[in-house]
Amino acid sequence: MALATGNGPFPPTPPGTTSRMSRIRRLGTSLRFADVVIHGDTARWVEVAENTSLDAAGQIAQVLEQIDATLPSIGSDRTRILQVIVHLADLSDAATLDRLWDAWVPAGHLPVRARVQSGLGGNCLVEMVVTAAIEESASQPGHATESSH
Amino acid sequence: MALATGNGPFPPTPPGTTSRMSRIRRLGTSLRFADVVIHGDTARWVEVAENTSLDAAGQIAQVLEQIDATLPSIGSDRTRILQVIVHLADLSDAATLDRLWDAWVPAGHLPVRARVQSGLGGNCLVEMVVTAAIEESASQPGHATESSH
Amino acid sequence: MALATGNGPFPPTPPGTTSRMSRIRRLGTSLRFADVVIHGDTARWVEVAENTSLDAAGQIAQVLEQIDATLPSIGSDRTRILQVIVHLADLSDAATLDRLWDAWVPAGHLPVRARVQSGLGGNCLVEMVVTAAIEESASQPGHATESSH
């Protein structure tokens, strides 16, 4: 099992090799960032509560609902979430997070989770950075290409 | 090299295409989060020191030891770590982190690293979010599927 | 579509299966961390301004320039950025970030973005954790291996 590593510049691709590029798909209408970016069979996105006038419990519940709304739109579901990085504006909301989280995550399909306190700005009390697996369609246009440099 | 992107909803998979889904594997016995989640050949996990009564040097050393203990259990090792996001509760421990880190990372196989100060709660002084490569077994059940919608 | 998951130890790879390991490539000359780590067709790296005597606008502009400099060296470009986690030392620089960011990101190819306030240390005012897609050469040495345990 050869593992090629090194700190130098990358060698050129040898002639006749096959290049593969996973498809990139982006969802959303914002002009600042995508709602979701999918690369191959991995989706990444960031959720903050749409209604930041809610208290922490309300915002956390809403963020989890928003994740629930996003998952089917990308061909995923709660059992395919890989990682959630939870930023709380105030760690005193950690017990509230855990109570809502524990009722939400599916037993047997738990993601890894980090939970840290970060400044979030405005009235935002929670921000979650989500990574999830989706079903990848391997032969859609743009996914696999043959190159013969 | 066609790169398919767009902001609209995803088109349906054309008939006769091949779908691929990387296996998801989860390690751990917690009911709140997985110890490690592996998707395809990428593993993600979060480490905090098991003994948070230790000082910063003790917790950082313990987190690195815990990473060392996790790596072989998932078919990886220090040379395959891709990224470590280090959250320190107090940036005045940065020099301690660097001293222990520099002795730990393998020359020629360094991961990318971010180091930020975040609130961690309890007596937790360091939290590391780790991404590492593992060997993927491509033909295990569940990895590759054929679909003909 | 079988999705293999579980919390137990991993089963051994059955005899005769094919193992696949994506190549790991590392860029940089630091002895502490890599400048960029590429795994398969995904690149990860962390940028802070080389000149931390600059003000926030200067550091943010420089970080974006540094990302621009990194992208072609790894076979990527702005349209293939997947995710950016922005750590600001002071959220009062958020409007400055957004102004520079909005002029920089390519319409139709927006990454997901999180923006949080974290302690960064020294005079560092901004740190960006970047994930981007690159073109993967599938048949280079070390990428695909056959195993018959």
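In chain C of this predicted model, helix 1 (residues 56–73) and helix 2 (residues 94–104) have axes that come within 9 Å and cross at roughly 30 degrees. Angles under 35 degrees count as roughly parallel, so that is how helix 1 of chain C and helix 2 of chain C run relative to each other. Below is a bit more on that pair, then a look at chain A and two of its buried residues, A:Ala89 and A:Val36.

**The helix pair in chain C**

- Two numbers do the describing for any packed pair of helices: the angle between the axes and the distance between the axes.
- As for handedness, helix 1 of chain C makes a right-handed crossing as it passes helix 2 of chain C.
- Which residues meet? Helix 1 of chain C brings C:Ala56, C:Ala57, C:Ile60, C:Ala61 and C:Leu64, and helix 2 of chain C answers with C:Thr96, C:Leu97, C:Leu100 and C:Trp104.
- By residue type, this contact between helix 1 of chain C and helix 2 of chain C splits into eight nonpolar, one polar and no charged.

**Chain A at a glance**

- Chain A holds two helices and eight strands.
- Reading from the N terminus, the elements of chain A go β-β-β-β-α-β-α-β-β-β.
- Chain A has 149 residues, and 48% of them count as buried.
- Take the contacts in chain A between residues at least 6 apart in sequence: 74% of these join residues at least 24 apart.

**A:Ala89, in a loop**

- You'll find A:Ala89 in the loop that links strand 5 (81–88) to helix 2 (94–104) of chain A.
- Is A:Ala89 buried or exposed? A:Ala89 has 22 other C-beta atoms within 10 Å, so it is buried; the cut-off for that is 20 or more.
- Setting aside neighbours within four places in sequence, A:Ala89 is in contact with A:Gly119, A:Leu120, A:Cys124 and A:Leu125.
- A:Pro72 sits 17 residues from A:Ala89 in sequence, and the two are 28 Å apart in space, C-alpha to C-alpha.

**A:Val36, in a strand**

- A:Val36 belongs to strand 3 (residues 36–39) of chain A.
- With 22 other C-beta atoms within 10 Å, A:Val36 is buried too.
- What does A:Val36 touch, not counting residues up to four places away in sequence? In chain A, the list is A:Leu27, A:Gly28, A:Ala43, A:Trp45, A:Thr70 and A:Ile74, and from chain C there's C:Val112.
- A:Val36 and A:Leu110 are 74 residues apart in sequence, with 21 Å between them in space, C-alpha to C-alpha.

Technical notes. Residues are numbered from 1 along each chain as its sequence is written. Chains are lettered from A and ligands numbered from 1 in the order in which they are written. This is a predicted model: local features need pLDDT of at least 70, side-chain atom pairs count only at pLDDT 80 or more; totals for chains, interfaces and linings use all residues. Axes are lines fitted to C-alpha atoms, for helices over the stretch in contact, and angles run from 0 to 180 degrees between N-to-C directions. Helices (H or I, at least four residues) and strands (E, at least two) are DSSP runs, numbered from the N terminus. Angles under 35 degrees count as roughly parallel, over 145 as roughly antiparallel, 65 to 115 as roughly perpendicular and the rest as oblique. A crossing is left-handed if the near helix is turned anticlockwise from the far one by less than a right angle, and right-handed if clockwise. Two residues are in contact if their C-beta atoms, placed from the backbone, lie within 7 Å. Ala, Val, Leu, Ile, Met, Phe, Trp, Tyr, Cys and Pro count as nonpolar, Asp, Glu, Lys and Arg as charged, and the others, Gly among them, as polar. A residue is buried if 20 or more other C-beta atoms lie within 10 Å of its own, exposed if 12 or fewer, and partly exposed in between; C-beta atoms are placed from the backbone.
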